[in-house]
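Dear colleague,

Please find below the structure I am handing over to you. I would be grateful if you could look through it alongside the notes that follow.

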Amino acid sequence: PGTLYVVATPIGNVADLSARALHVLAQADAIACEDTRNTAHLLNRLGLHKPLLAAHQHNEMEAAQHIAARLAAGERIAYVSDAGTPGISDPGAKIVAAARAAGARVMPLPGANAAITALSAAGDLLDAGDGRFTFVGFLSPKAEAREAQLRALAARPEAWILYEAPHRIAATLAALAAVLPGERRILIGRELTKLFEQLVVVRADAASGWLAADAAHAKGEFVLVVEGAGESTAGEAGATLNAQHVLALLLAELP
Ligand code: SAM
């Protein structure tokens with residue numbers, strides 16, 4: 001059987017594609033991808049021309065079977081998602097499973113990932129949880145499930161990472177301010193590795209203000225790293241701070 005190469009691609013800056021990824025893409029018999037237009041564009045920039053196989057969220061099962069059959073016949077197939085590391089908030093899991101079931105070798109090529117890129121610049125935001133973190137990715141699109149998710153996450157000792165789209169960033173920052181103690185820090189990573197890259201650390205109670213301060217702030221792709229509650233007294237401290245926050249809000253409303 002052949003080999004399935006799971007290849008990470010850039011999350012913005014094309015120079016982040018590794019030399020090894022370029023070599024593997026150039027040698028592959030075919031490239032399976034989430035969006036053929038998007039990948040054709042990347043390959044053009046790299047000066048490569050390869051047969052593309054569409055393998056997106058809606059046909060991943062059939063695509064996986066097709067890829068597995070070709071791997072069984074000895075082909076070398078690369079799989080790439082639209083951006084970053086396949087399988088991380090992206091399709092890829094079914095293709096990897098089918099390849100393995102077909103007896104093919106599965107070889108991952110490391111590269112760009114929005115969560116790890118933001119984390120690498122999170123600094124002491126990771127201290128409260130002793131360097132540990134939880135990857136959440138996209139929150140549920142349903143308001144109720146989302147709120148429950150956020151409440152549970154807010155109590156966790158370690159830092160946590162969210163992915164967010166521009167049309168929901170305002171709602172998410174407001175929801176975070178509602179469940180977090182005001183001074184809890186959030187790293188907002190916007191348009192990482194791109195021309196308008198921005199990395200800011202804000203307090204939970206100032207996050208919406210930062211977003212509203214400039215219309216450009218709401219544009220692009222976002223990663224959020226939320227500081228953890230820390231160990232032991234975190235619950236009590238959180239409760240006290242929440243009470244203080246509520247009191248401050250109430251006092252501001254009083255005549
Ligand atoms: N597989 C990708 C990875 O390895 O990071 C993630 C794919 S997911 C469908 C897309 C989301 O990742 C975006 O909505 C955004 O939250 C985040 N993301 C991707 N590229 C980004 C970038 N350049 N800057 C900030 N966030 C980014």
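Predicted model: local features only at pLDDT ≥ 70, side-chain atom pairs only at ≥ 80, totals over all residues.

Five strands make up an open sheet with parallel pairing, and their order is S3-S2-S4-S1-S5. At its edges are strand S3 (52–54) and strand S5 (105–109), each of which pairs on one side only. On average, neighbouring strands of this sheet are turned by 25° against each other, direction ignored. Within the sheet, strand S1 (residues 3–7) pairs with strand S4 (residues 76–80) in the parallel sense, over 4 bridges. In this part of the model, threonine 3 stands opposite arginine 76 in S4.

The helices. Helix H3 (residues 60–72) lies across S1, strand S2 (30–33), S3 and S4, and its direction is at about 145° to S3. Helix H4 (residues 93–101) lies across S1, S2, S4 and S5, and runs at about 160° to S1.

The ligand. The ligand is surrounded by 23 residues, of which Gly84, Ala114, Tyr163, Leu192 and Glu221 are the closest. Which elements each supply at least two residues of the shell around the ligand? They include helix H5 (114–120), strand S7 (159–164) and strand S10 (222–226). Sorted by class, the shell holds 10 nonpolar, 8 polar and 5 charged residues.

With kind regards

How values were computed. Residues numbered from 1 in each chain as written. Pairing = 2+ DSSP bridges. Axes fitted to C-alpha atoms, helices over the stretch in contact; angles between N-to-C directions. Contact = placed C-beta atoms within 7 Å. Near = placed C-beta within 6 Å. Nonpolar A, V, L, I, M, F, W, Y, C, P; charged D, E, K, R; others polar.
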